[in-house]
Amino acid sequence: MDHFLYRNGVLHAEDVPVAEIAAAVGTPFYCYSTATLTRHFRLFDEALTGMDHLVCYAMKAASNQAILKTLARLGAGMDVVSGGEYARARAAGVPGERIVFSGVGKTRDEMRMALIGGVRQVNVESEPEMAALNAVACELGQRVPITIRVNPDVDAKTHAKIATGKSENKFGIPIARARAVYAQAAALPGLEVVGIDVHIGSQLTELAPFRLAYEKVAELTQVLRADGHDIRRLDLGGGLGIPYTRSNEAPPLPADYGALIREVLGPLGCEIEIEPGRLVVGNAGILVAEVIYVKSGEGRDFLILDAAMNDLIRPAMYEAHHDIVPVLEPAPGIEPHSYDVVGPVCETGDTFARGRMLPPLNAGDLVAFRSAGAYGAVMASEYNTRPLVPEVLVNGRDFAVIRERPTFDEMINRDTIPEWL
Ligand code: LLP
């Protein structure tokens, strides 16, 4: 459930008419709902009640400072995957002891930054990375808490580009090699082994792959404890999917996910960390765009929007479906019309949907892409020299621009001219 609903025939973000924001900010823009963010974070937090736990929001999904602050105030930790994300989390006031550092290729500079600034744990993904982290920790006279990310060779049954838990994927160390790698880690003076990390993929719509992976983690915990390692923390990654269509999808709820964790891992008495991104922010955000033209093609009509693939890449990149709804609620009984919904960018990949049934629309009408809060604004680019679209956060009857649209001059002035020109 989210807080983007029609009231009196007009789409609202909480208590604010979306058209009011469009008039103030211009289109396209991303719009997030505080109430939805809050609700989704709490669902995860409550799902793990009774277990020592920390929900570390995977900020790669949406990393605006205002979103991070909203979640940090609720007690969220952060899962970061780069020096930039680490800096963003700290700038939003998240203390180092609530930041976990994930990622398959952390550089020494990034490690140094996190160790100096403070970090809850580093999730190590390979032997060479472990050696580098040990060297950095020793150089700083620290002993850094680590988990090792294991690759459980489980099929997450999701889009191939976002599945990470199969043996052919670049992530983690093969679980079969875990004992040897933990033994190596225990011998390194700069590292303190505290637990195990696993993350098998994103947009999972069934619990079964999580169960398979977590059972392997439970077994490994026992084995490593028997080897003398003090395994006291399990980082279970993110990945729980969201419904992208309102009609037929019903992915498991955070409460079901929490119950699974309690059942499979509860008896081990470990502290539990989870790293949800998409479910926290996905349905807490929409992308609002205006119809520029309705163009009739050969046997089809194109709805040409002022938003494009550079603003929301998911349909082009993952064939992802986003519901598109008109900001003015269609009158009951209106006959829908089939449109190919496209942006103005000069490639055919700039297509949001083909043959999408929508109420008849005209130039100047506003539409909203639903479920655009996660991996929307953060994956945007300035392709075609289109400015990054602004972000707006709604809170009840209030709204605020949380990232301005850059001017063309600001964009151009980031380039510098060499002296010979
Ligand atoms: N933890 C780790 C180590 C991750 O790699 C990810 C996502 C997460 C947590 C959060 O997963 P979530 O709860 O959001 O599923 N751009 C793609 C999704 C990429 C996911 C990458 N890793 C998309 O738009 O679908």
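In this predicted model, the shell around the ligand divides into six nonpolar, six polar and six charged residues. The ligand is surrounded by 18 residues. Ser202, Glu275, Arg278, Arg314 and Tyr375 are the closest of them. The shell also spans the domain assignment: at least three of its residues come from domain 1 (4-31 + 282-412), and at least three come from domain 2 (103-274).

Polar atoms of the ligand pair with polar atoms of the protein. An oxygen atom of the ligand lies 2.7 Å from a polar backbone atom of Arg278. Arg278 is also listed among the closest residues of the shell. Two further pairs involve nitrogen and side chains. For Tyr318, an N or O atom of the side chain is 2.8 Å from a nitrogen atom of the ligand. For Asp79, the separation between a side-chain N or O atom and a ligand nitrogen is 3.4 Å. The ligand, taken alone, exposes 590 Å². Of that area, the protein buries 91%. The space that the ligand takes is the largest pocket.

Two domains divide the chain. Domain 1 is made of two segments, 4-31 and 282-412. Domain 2 covers 103-274. Their centres, taken over C-alpha atoms, are separated by 36 Å. Twelve residues from domain 1 and nine residues from domain 2 take part in the contact. Both domains also supply residues to the ligand shell, with at least three from each.

Definitions and conventions:
Residues are numbered from 1 along each chain as its sequence is written. This is a predicted model: local features need pLDDT of at least 70, side-chain atom pairs count only at pLDDT 80 or more; totals for chains, interfaces and linings use all residues. Side-chain values use heavy atoms; hydrogens and water are left out. A residue is near a molecule or strand if one of its heavy atoms lies within 4 Å of it. A polar contact is a pair of N or O atoms within 3.5 Å; within protein, one must be able to donate a hydrogen and the other to accept it, and residues adjacent in sequence count only if both atoms are side-chain atoms. Accessible areas come from the Shrake-Rupley method with a 1.4 Å probe; for residues, only the protein chains shown count as cover. On a 1 Å grid over the protein atoms alone, a cavity is a set of points where a 1.4 Å probe fits but cannot get out, and a pocket is an open set with protein on both sides within 12 Å along at least five of seven lines; lining residues have an atom within 4 Å of a point. A molecule sits in a cavity or pocket if more than half of its atoms lie within 2 Å of its grid points. Ala, Val, Leu, Ile, Met, Phe, Trp, Tyr, Cys and Pro count as nonpolar, Asp, Glu, Lys and Arg as charged, and the others, Gly among them, as polar. Domain bounds come from an automatic or database domain assignment. Contact means heavy atoms within 4.5 Å.
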